Structures are given as structure tokens and as C-alpha cells.
Protein chains: 2
Amino acid sequence: MSIGFFEGTHKCSITTTMGLGSHEGGCLSIKMNEYSFIFMVLLYYITTSYVLNSLLKEAEKINLRALSKERRREQLIEATIQCLSKKGLSSTTLADVAKEAGLSQGIVNLHFNSKDNLLADTLRFLTDEYDERFMKTFYGAPADPADQLLALMEMDLKPPICDRSKIAVWFAFFGETKAQPTYRKICASRDQKYAEILKSLVEKIVTDGKYIGINPGVISTTLSSLTDGMWLSCLISPKSFNRTESLLAIQSYLSSTFPNHYPR
Amino acid sequence: MSIGFFEGTHKCSITTTMGLGSHEGGCLSIKMNEYSFIFMVLLYYITTSYVLNSLLKEAEKINLRALSKERRREQLIEATIQCLSKKGLSSTTLADVAKEAGLSQGIVNLHFNSKDNLLADTLRFLTDEYDERFMKTFYGAPADPADQLLALMEMDLKPPICDRSKIAVWFAFFGETKAQPTYRKICASRDQKYAEILKSLVEKIVTDGKYIGINPGVISTTLSSLTDGMWLSCLISPKSFNRTESLLAIQSYLSSTFPNHYPR
């Protein structure tokens with residue numbers, strides 16, 4: 001379409017040339033006055049704005065729906081964690097979760113189909129949350145293997161990670177790992193990842209301190225086992241469990257193993 | 001009753017004197033020949049033997065019934081351990097236990113009334129079994145605190161205690177401890193008892209070796225946590241779990257803490 005303006009006059013000539021499928025090489029010429037032209041331009045802008053606006057609103061709605069779906073899932077998973085902590089894995093039902101979340105059981109079914117799916121997603125949520133905290137601590141600590149190792153150990157024994165309600169949920173899943181291969185795989189992959197990171201830190205400390213006769217695999221296994229065992233104490237004997245004493249036990253172990261890096 | 005024998009003669013005189021309620025101060029005298037007397041004595045022995053025999057048989061039956069009841073309970077608890085290990089605590093039903101034991105569900109109900117009772121008794125059975133093994137190891141080891149401590153640590157990492165199926169059952173209960181105060185109490189009392197024994201052994205080693213700056217409570221907490229954490233590794237990562245490496249980790253920890261008692 002070509003539009004030609006003639007300066008110094010209120011009249012303009014608009015010539016539209018378009019190819020018509022039925023008339024090969026044919027052309028159409030439209031002449032209109034300035035009011036018609038302004039009207040056409042306005043009409044063009046109004047319709048375009050309207051269409052664009054509608055499209056934007058629609059996109060926003062879709063986005064909001066997606067966000068709301070994600071938020072709803074999180075809400076249900078958080079309710080599941082509460083229920084598992086209070087009632088245990090065997091007694092928690094979808095109805096309990098719905099009640100805890102203040103939603104209908106239909107919504108729970110819509111999002112998770114079954115208790116098995118809900119539980120597997122809850123375990124994934126917990127591992128993701130732990131992973132985020134682990135990585136944040138790892139990269140947040142000074143870039144020294146000894147500091148990083150100690151920071152990771154401390155993280156495991158402090159809130160929000162070492163929280164009795166959450167530990168109860170972890171152990172509820174641990175207790176089902178032999179019967180439920182899905183849970184075992186999720187837990188094992190988490191453990192393997194952290195075991196490798198801990199081992200690599202220990203290797204760096206051993207090299208740096210020129211320690212002799214130390215097996216990094218044994219040390220990292222010991223450290224992981226220590227914190228896991230302390231979680232169990234926190235769960236079973238909350239009154240006698242002592243966070244400071246547990247941390248002291250870790251530090252004491254590190255001091256006796258790497259005296260140059262962790263002086264007493 | 002007074003019976004008088006007259007030596008040198010085949011005749012005897014039996015005089016029975018008894019007070020008769022209706023005839024105050026009255027007496028009854030019975031005279032019988034020797035055959036009647038022998039007959040009476042025989043009759044007395046036969047009836048007494050019969051009554052005694054019947055009583056003994058009855059007692060035996062009661063005893064057998066009690067034994068059989070006890071055996072039946074054990075049989076059901078063993079079936080429960082199998083089910084919990086295979087299906088987990090949440091999926092195990094009384095019907096599963098009955099099927100595993102090859103008995104009717106009515107028998108399970110008769111002995112335990114509910115799944116809760118069956119589970120609590122199964123946990124008690126496990127703790128009793130562990131206790132027996134713990135005490136046997138403790139008293140069976142040479143009467144030296146360092147040997148006793150190491151023997152107890154080794155016991156925790158070797159079969160029949162460190163058996164994945166049994167560990168799965170332990171963790172199934174650990175996972176329910178927050179929701180089920182009964183389970184928590186049983187587990188906590190077990191842990192407290194062993195923690196005290198371990199602590200007293202560590203105290204003796206510290207005194208004997210004149211080690212300075214060592215907190216026996218911290219050391220015993222570390223040791224318990226270590227074995228608990230290793231059980232979790234055995235459950236979650238059976239392929240990578242290494243019994244020898246785990247034992248090495250314990251020995252290495254003991255060597256670095258008490259070098260005079262556990263030389264490398």
C-alpha cells in the first residue's frame with residue numbers, strides 16, 4: 001500500500017495498489033478526503049490497540065493460571081508436610097491434606113491423582129529445598145575447603161534444615177524406602193551428590209595438609225553418617241538432643257582428623 | 001482317725017472316731033477285717049493317683065496352651081517384620097500379616113485386637129532382641145572398656161543386627177515416632193540405656209588413658225550417631241554401603257580420639 005501526501009493542501013490522495021488473486025496484474029485505486037483518512041487511521045489504531053490489549057490480557061491470564069497452579073501445588077505440598085509431621089505417613093490421607101490446606105479433596109485429586117503421587121512430589125520438594133540450601137551454603141562460605149566443609153556440617157544441624165517436624169517427614173520417607181523404590185531412588189541420588197561434594201572437599205584438605213593414611217571416602221561417609229544419626233536423636237530424644245553438643249562432636253571429630261585445619 | 005495294728009496277728013482293729021455335728025460328743029466305731037482294709041487302702045491310692053494325674057494333665061494342658069499362645073504371638077510378630085520390610089508400615093494390613101503367617105485374620109485379631117497393638121508389640125520384640133544381643137556382646141567381650149566399646153560398635157554393623165530388612169523395620173518405626181508417642185517412648189528408652197552404657201565405657205577409657213579435654217558425653221553421642229547414620233546408608237544405598245569401610249570409619253575415629261587404646 002502506498003500513501004502519498006501533497007504538502008500545503010488539506011487534500012490528500014491515497015492510492016492503494018494490491019494484487020488480486022482473481023485478477024492477475026489488476027489494481028485498485030481508492031481516493032478519500034482528509035476526514036476519511038483521519039477516521040481510517042483512528043479506526044486502525046483503535047482496533048489494533050484493542051486486539052493487542054486483549055491478547056496481552058489473555059497472556060496475563062494464562063500466566064496467572066500457570067502461576068496459580070504452581071502455587072496451589074506448593075500449598076498442597078506444604079499441607080502434606082504438616083500432616084506427615086503430625087500424623088505420620090501411614091495415617092495421613094488425602095482428606096487430611098485437603099483439610100490442612102483449607103481446600104476440597106477434589107482439588108487435591110486434580111493436582112496429584114493419588115496419595116503416592118502427592119508423597120513422591122512432597123519428597124522431591126524436600127530434596128529441592130535441601131539442595132538449594134546446601135548449594136547456597138557451599139557457595140556462600142569462604143572459598144576454602146575446610147571452611148566449606150564445616151559450614152555444610154553446621155547447616156545440617158541448624159534450623160531451618162535441622163527442624164524436628166521436617167526431620168519427622170524425612171524419616172517417614174526413609175522408613176518407606178525399602179518398600180517404595182521411587183523414594184529410595186530420590187533419597188539415594190541426593191545422598192550420592194552430597195557424598196561426592198563432601199569427599200572432594202576432604203580430598204582437598206588432605207592434599208593441602210599433607211595428611212597421611214587418611215581415606216577421604218571414609219571421612220566423608222563418617223561425616224554424613226554423623227549428621228544423619230544426629231537427626232535421628234533430634235527426632236527420638238528431642239529433650240536430650242543438644243544442638244551445641246552435636247556441633248561440638250563434629251568439630252571434635254574434624255579436629256582429631258585434620259588438626260592443622262581445625263585446631264582445638 | 002486312729003488306726004491301731006496288733007503285731008503278730010492278721011487281724012487288725014480300725015477305730016474311727018469323728019465328731020458328728022448332730023450328735024455332740026458322739027463317736028462312731030468301725031471294725032473291718034484285713035481284706036477290707038487292703039481294699040480301702042488300694043481304693044484310697046487309686047482315687048488319689050487318678051485325681052493327681054488328672055490335675056497334672058490339666059496343668060500341662062494349661063502350660064502348653066500358654067506356650068502355644070506365646071509361640072503364636074511370636075509367629076505373628078515375625079510375619080509382621082517380614083511384611084513391614086517388604087511393604088512398609090503404611091501399606092501393611094492385618095490381612096497381609098495373617099497371609100504371611102499362614103493363619104486366618106481372626107487369629108491376628110484374637111492376639112492383637114488392632115494394627116496399633118500388633119505394631120507396638122513388634123517394636124517391643126525388636127528392642128528386646130536388640131537388648132539381648134547388646135548385653136550378650138557387652139558381657140561376652142573381654143572385661144576391658146576399650147574392647148567392650150569396640151565390640152558393641154562392631155555388633156551394630158554386623159549381621160544379624162545390621163540386616164537391611166530389619167533396619168527397614170526400625171526406620172519404619174523411627175518415621176512414626178513423632179506421630180506415635182508410644183513408639184517414641186520405646187525407642188527413646190532403648191537409646192538412653194545404651195547411651196549411658198557407652199558413656200560409662202568412654203569415661204573409663206578417658207580415666208585410664210588420662211586423656212585431656214575429652215567430653216565422654218560428646219564421644220558417646222558421636223559413636224551412637226555414627227552407627228545410626230550407617231544403618232541409614234545401608235537402607236538407602238545398599239550397593240554403595242560398605243560394611244568394612246564403615247567399621248574402618250569407627251576404628252579410625254576411636255584411634256584418633258584414644259590413640260593409646262586403639263593404636264593405628
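**Notebook: helix packing and the A–B interface**

I began with chain B, where H4(B) passes H5(B) in a right-handed crossing. For handedness I used this rule: a crossing is left-handed if the near helix is turned anticlockwise from the far one by less than a right angle, and right-handed if clockwise. Helices here are DSSP runs (H or I, at least four residues), numbered from the N terminus.

A note on the model: it is predicted, local features need pLDDT of at least 70, side-chain atom pairs count only at pLDDT 80 or more, and totals for chains, interfaces and linings use all residues. Residues are numbered from 1 along each chain as its sequence is written, chains are lettered from A and ligands numbered from 1 in the order in which they are written, and side-chain values use heavy atoms, with hydrogens and water left out.

**H4 and H5, chain B**

I looked up the geometry: H4 (residues 115-140) and H5 (residues 145-157) of chain B have axes that come within 9 Å and cross at roughly 145°. Axes are lines fitted to C-alpha atoms over the stretch in contact, and angles run from 0 to 180 degrees between N-to-C directions. From H4(B), B:Tyr130, B:Arg133, B:Phe134, B:Thr137 and B:Phe138 meet B:Gln148, B:Ala151, B:Leu152, B:Met155 and B:Asp156 of H5(B). I sorted this contact of H4(B) with H5(B) by class and got six nonpolar, two polar and two charged residues. Ala, Val, Leu, Ile, Met, Phe, Trp, Tyr, Cys and Pro count as nonpolar, Asp, Glu, Lys and Arg as charged, and the others, Gly among them, as polar.

**H7 and H8, chain B**

Next came H7 (residues 181-209) and H8 (residues 216-236) of chain B, whose axes come within 8 Å and cross at roughly 130°. H7(B) and H8(B) are therefore oblique to each other, as angles under 35 degrees count as roughly parallel, over 145 as roughly antiparallel, 65 to 115 as roughly perpendicular and the rest as oblique. I noted a right-handed crossing for H7(B) and H8(B).

**Between the chains**

How many residues of chain B are in contact with chain A? I found 42, against 42 residues of chain A, with contact meaning heavy atoms within 4.5 Å. The two chains bury about 3600 Å² between them, 61% of it on carbon and sulfur atoms; buried area is the accessible area (1.4 Å probe) that two parts lose on being put together, summed over both.

Methods. Helix = DSSP H or I, 4+ residues; strand = E, 2+ residues; numbered from the N terminus.
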